[in-house]
Amino acid sequence: MLAMMGNALLLALRELRRNVMRSILTMLGIIIGVAAVIILVTLGSGATRRVTEQIASLGSNLLMISPGKRMGPGQSSGAAPFKLADAEAIARDVPSLAAVAPVSSRSTTAIYANENWATSVTGTTEQYFTLSNRRIHEGREFTASETRLGSAVCVIGETVRNKLFGGQSPIGSRIRLQKLSCEVIGLLEAKGQNTMGQDQDDVIVVPLRTFQRRIAGNEDVSIIQVSAKDGASTERVKRDIGRLMRSRRHLSANQDDNFNVMDMKEIASMLSGTTQMMTMLLGAVAAVSLLVGGIGIMNIMLVSVTERTREIGTRLAIGALEREVLLQFLVEAVVLSSFGGLIGIVLALVSSSLLAGVLQVPFVFNAPIVMIGFAFSAAVGVAFGYVPARKAARLDPIEALRHE
């Protein structure tokens, strides 16, 4: 059996060398199909890892409390905004908390000398920097006393620095935000874009009281960010916050919550699940080209059977068995598809590495999908090569020898 397989393989390789260009064009469908599947799955895995890493970079055990049913500022669904007293009550009455930071944001224009830049200004407390994992690259954070007094100081992101100051140090300079003139005391470390494509460095952070008095003109708080202590149960913290906020917002037992407590782990899981589903769908679409490649192999093999009818007839007439002819053509189809699979794998890995750099996502080598891609390409050769091989094996030797 091994000798018969070896002989069939040698005959298959000889036939492929005889028609090199036709063999390459036949493999093209398999190459494209395998490469497309591996590239999409690899980039999808990289995107999923990037989402997880970026959510983790926001801080550990982070919870976001927002008015209304949905997440995010401005999405209150008619619910009353929070006040600073709500954040103070959470910090005072909910156990196992590491930090609490009320946050409000608004779009504004920052002006320095002859330069101006449309950005967003965030009012919060000094705990925001620790809670959101924002480190200072140059200068310092504002202090608790500056937060309490509503001092005219600010910390800016890298994008704002580049737009207003170019390559110069902004520390000690004064910028204008609407009617507020504030001193730049700190520059945040660059973070780049988040999972939603938003520039995390295009921000100016000021003390919350400064924001409320000099920019917003009200005492509203859009979001309260909470960080649980290491080892604390975030589910328990969520329940404690829920009970406290229902009491403070005077909700009766039969009324639904008019606020939302979202664990960042839930957001990470949701976003990761979305990227994984999109990866699977795109991979399934790309896999269709493997079927197209299989049809191409079947077509070429049928043509090959017709061209080699006299050769097949001669082999059968001198004693070759039907299974030997069947095996010969089946091996040819498998060799074609397997070579196409190997070329597709190499092309996919090189392309994925380059595209991962362009898209700024990690390159994640997925060994199982590479093995599946190769196995599927070989299976396509078996599936679509069987019909032509069976046709060749069942030829009548006499009729085959008469074929012109």
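Which residue in the turn of the hairpin that β6 and β7 form has a positive phi?

**View 1. The hairpin of strands β6 and β7 in the predicted model.** Two residues lie between β6 and β7 in this hairpin, and the turn residue with the positive phi, about 55°, is Q178. Strand β6 (residues 174-177) runs antiparallel to β7 over four bridges, with I175 opposite C182 in β7. Strands here are DSSP runs of E with at least two residues, helices are runs of H or I with at least four residues, and both are numbered from the N terminus; two strands pair if DSSP finds at least two bridges between them. Because this is a predicted model, local features need pLDDT of at least 70 and side-chain atom pairs count only at pLDDT 80 or more, whereas totals for chains, interfaces and linings use all residues. Residues are numbered from 1 along each chain as its sequence is written, and side-chain values use heavy atoms, with hydrogens and water left out.

**View 2. Strand β7 and its pairing with β4 and β5.** Strand β7 spans residues 180-188 and is mostly covered, with seven of its nine residues buried (under 20% relative accessible area, with a 1.4 Å probe and protein chains only). Strand β4 (residues 136-139) pairs with β7 in the antiparallel sense over three bridges, and G139 stands opposite G186 in β7. The pairing of β5 (residues 153-156) with β7 is parallel and has four bridges, with V153 facing E183 in β7.

View 3. A pocket is defined on a 1 Å grid over the protein atoms alone as an open set of points where a 1.4 Å probe fits, with protein on both sides within 12 Å along at least five of seven lines, and its lining residues have an atom within 4 Å of a point. Of its 14 lining residues, L84, E88, T125, E126 and T147 are the closest to the centre. Two or more lining residues come from each of α3 (84-93), β2 (97-112), α5 (144-149) and α7 (208-216), and α3 gives the most, with four residues.

Notes. Buried means under 20% relative accessible area, exposed over 50%, partly exposed in between (1.4 Å probe, protein chains only).
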